[in-house]
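Subject: Structure for your review

Dear colleague,

I am handing over the structure below, followed by an account of what was found in it. Please read the account with the model open beside you.

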Amino acid sequence: MTASSTTQVQRVEILAEAGRRRTFAVISHPDAGKSTLTEALALHAHVISEAGAVHGKAGRRGVTSDWMEMERTRGISITSAALQFAYGDTVINLLDTPGHADFSEDTYRVLSAVDSAVMLLDAAKGLEPQTLKLFDVCRYRGIPVITFINKWDRPGREALELCDELTQRIGLQPMPLTWPVGVAGHLRGVLDVPSGDFIRYQHTAGGATVAPEERLTPQQAAADLGDEWAQAVEEAELLRASGGEFEVARFFDATATPVLFGAAVRNFGVRHLLDLLVELAPRPTPRTDTDGATRALDSPFSAFVFKVQTGMDPAHRDQVAFARVCSGVFERGMVVTNASTGKPFATKYVQQVFGQQRSTLDTAFPGDVIGLVNATALRVGDTLYTGKPPVRFPGLPSFAPAHFAVARPADLGRAKQFRKGVEQLGAEGVVQVLRSDRRGDAAPVLAAVGPMQFEVAAHRMATEFTSPIRLEPLPYHAVRRLADPAQRSIVDAGRRSEVLTRLDGAELALFAEEMDLRILLRAHPGLVLESLVAEG
Ligand code: GDP
């Protein structure tokens with residue numbers, strides 16, 4: 001289909017299909033239960049008939065995503081980037097945020113492709129470091145967040161205390177939509193806050209099937225549960241009275257978060273979450289282009305690449321580019337234009353799945369994720385489109401790196417390949433590339449959000465650019481952007497700090513520890529350092 005052939009009927013269909021989409025990601029700290037929840041969601045949507053296979057992590061290989069594991073064990077339709085399933089009339093796109101060892105810029109970039117996020121907390125732990133980092137990105141991008149407090153089937157902290165933590169630590173007003181009845185470890189069910197009813201959960205063997213629910217009126221619940229019910233009602237009321245009454249506008253402007261309690265492993269609270277996504281989570285909205293204009297959902301096809309995955313196997317130089325559809329309909333075989341190069345790109349090979357059960361994707365609508373196979377010309381941040389006028393969406397932001405290492409060619413005879421490779425990896429956003437006068441061009445500094453990015457960079461340098469590298473870690477743990485280049489010498493004079501220039505021209509001030517930064521700021525009150533959660 002070309003631009004000119006987008007008929008009124010097709011436009012209506014595109015808008016209807018976009019309206020059915022809910023595209024979100026789960027943000028959490030490792031072990032909070034993301035894979036368990038993902039599986040529970042799929043179970044509730046009847047994508048799979050029984051849960052349990054991926055709960056045990058034994059045998060999982062290093063970087064293999066949980067979902068690829070699920071794909072193997074269940075044969076359900078997933079990519080390493082997105083899981084798509086229907087829930088009633090709604091199409092759910094759950095984008096994977098790789099965690100664990102492969103926490104990297106990719107993890108953050110996924111958040112540029114979602115319309116909302118589910119913040120998954122462990123009831124015994126509350127907000128944990130990785131959750132906080134990902135939440136910062138959600139806040140920066142204004143992404144509405146739903147909070148799911150998990151593992152309520154076992155002893156943990158108090159519900160009020162966990163809610164208080166949201167307000168105190170991240171300034172997010174909790175708006176509970178359910179409230180646990182019975183302390184953590186003895187979850188009887190939840191108070192359904194909007195209706196005031198009690199939802200009782202029934203246990204199923206090993207939590208393997210959808211947990212049946214029973215609904216009781218408040219009177220029945222009071223008679224049945226006595227004090228436990230009274231306490232839940234009182235606590236929920238306390239929170240409501242202190243600003244926790246649900247208001248959809250506050251969810252949308254990301255100042256408040258609907259809160260649900262549950263236990264993914266037992267499938268408790270999972271239906272509530274799905275219903276909340278269907279009823280309240282934002283649908284795809286028109287995306288703003290680099291000129292500040294919005295591209296209507298029913299415009300011709302457009303998408304942006306948010307993740308590029310290169311095969312780690314040198315025998316197969318496969319590369320899959322994952323793009324989120326922003327407007328129009330995508331049809332397999334369509335020739336699209338890459339806005340960065342102006343060149344056409346044939347989408348003959350578009351897959352939803354890679355692995356054993358490849359299924360070829362034929363159509364996709366706004367909110368969906370497409371995986372373009374052998375897309376060696378595509379880079380993270382690229383815009384793809386059809387028709388006229390051309391469109392280009394803003395590039396993806398880069399994030400505050402936390403790991404730094406000097407790169408040198410292992411073989412000095414390959415300096416040219418080395419330079420070319422480093423430049424390329426920087427352009428692709430595999431790692432950030434920084435330069436310093438002190439070390440010169442022959443020894444650039446690579447910077448990454450997660451150490452896994454270094455492994456990918458080293459691997460590609462050796463295989464693709466035939467210039468193996470040596471990496472020498474640098475002892476920096478804090479980074480800021482230097483607002484005024486004239487102040488560079490102040491930072492450079494520090495014993496445990498220096499300024500490096502990133503390829504995009506940003507001057508990054510690196511410090512061994514946060515403490516060094518504070519000492520320098522005290523000595524030079526005029527020094528302006530900006531934090532860099534994300535910049536674009
Ligand atoms: P991920 O690292 O966030 O993907 O976490 P997993 O889904 O692999 O879960 C980590 C561990 O927590 C596993 O042993 C799960 O069985 C367990 N777990 C997940 N959800 C729950 C829950 O609701 N209750 C309890 N008791 N354990 C859970």
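**The ligand shell**

Helix α2, which spans residues 34–44, contributes the most to the shell around the ligand, with three residues; helices (H or I, at least four residues) and strands (E, at least two) are DSSP runs, numbered from the N terminus. Please keep in mind that this is a predicted model, in which local features need pLDDT of at least 70 and side-chain atom pairs count only at pLDDT 80 or more, whereas totals for chains, interfaces and linings use all residues. Residues are numbered from 1 along each chain as its sequence is written.

Of the 18 residues around the ligand, those that come nearest are G33, K34, T36, A263 and V265, where a residue is near a molecule or strand if its C-beta atom, placed from the backbone, lies within 6 Å of it. Sorted by class, the shell holds five nonpolar, six polar and seven charged residues; here Ala, Val, Leu, Ile, Met, Phe, Trp, Tyr, Cys and Pro count as nonpolar, Asp, Glu, Lys and Arg as charged, and the others, Gly among them, as polar.

Helix α2 is largely enclosed by the rest of the structure, because 11 of its 11 residues are buried, among them K34, T36, E39 and H44. A residue is buried if 20 or more other C-beta atoms lie within 10 Å of its own, exposed if 12 or fewer, and partly exposed in between, with C-beta atoms placed from the backbone.

**The annotated positions**

An unreviewed UniProt entry lists D96, T97, P98, G99 and H100 under "binding site"; its positions are given in the numbering used here, feature names are shortened, and annotations may be inferred rather than shown by experiment. D96 is found in the loop between β3 (90–95) and α4 (105–109), and P98 is also in the loop between β3 and α4. D96 counts as buried because 26 other C-beta atoms lie within 10 Å, and P98 is buried with 20.

**The chain and its core**

The chain has 14 helices and 32 strands, and 47% of its 536 residues count as buried. Among contacts in the chain with a separation of 6 or more, 70% are made by residues 24 or more positions apart, two residues being in contact if their C-beta atoms, placed from the backbone, lie within 7 Å.

In the largest nonpolar core, which has 143 residues, A117, A323 and L446 touch the most other members; such a core is a set of buried Ala, Val, Leu, Ile, Met, Phe, Trp, Tyr and Cys residues joined through C-beta atoms within 7 Å. Leaving aside neighbours within four places in sequence, the contacts of A323 are A303, F304, V305, F306, I370, L372 and L384.

**Strands β28 to β30**

Strand β30 (residues 507–511) is largely enclosed by the rest of the structure, because four of its five residues are buried. Strand β28 (residues 478–482) pairs with β30 in the antiparallel sense over four bridges, and five bridges join β29 to β30, again antiparallel; two strands pair if DSSP finds at least two bridges between them. A509 in β30 stands opposite R480 and also opposite V499. The hairpin of β29 and β30 has four residues between the strands, and G505 there takes a positive phi near 95°.

E498 lies in strand β29 (residues 497–502) and is buried, with 23 other C-beta atoms within 10 Å. Leaving aside neighbours within four places in sequence, E498 is in contact with S436, V491, D492 and L510.

With kind regards
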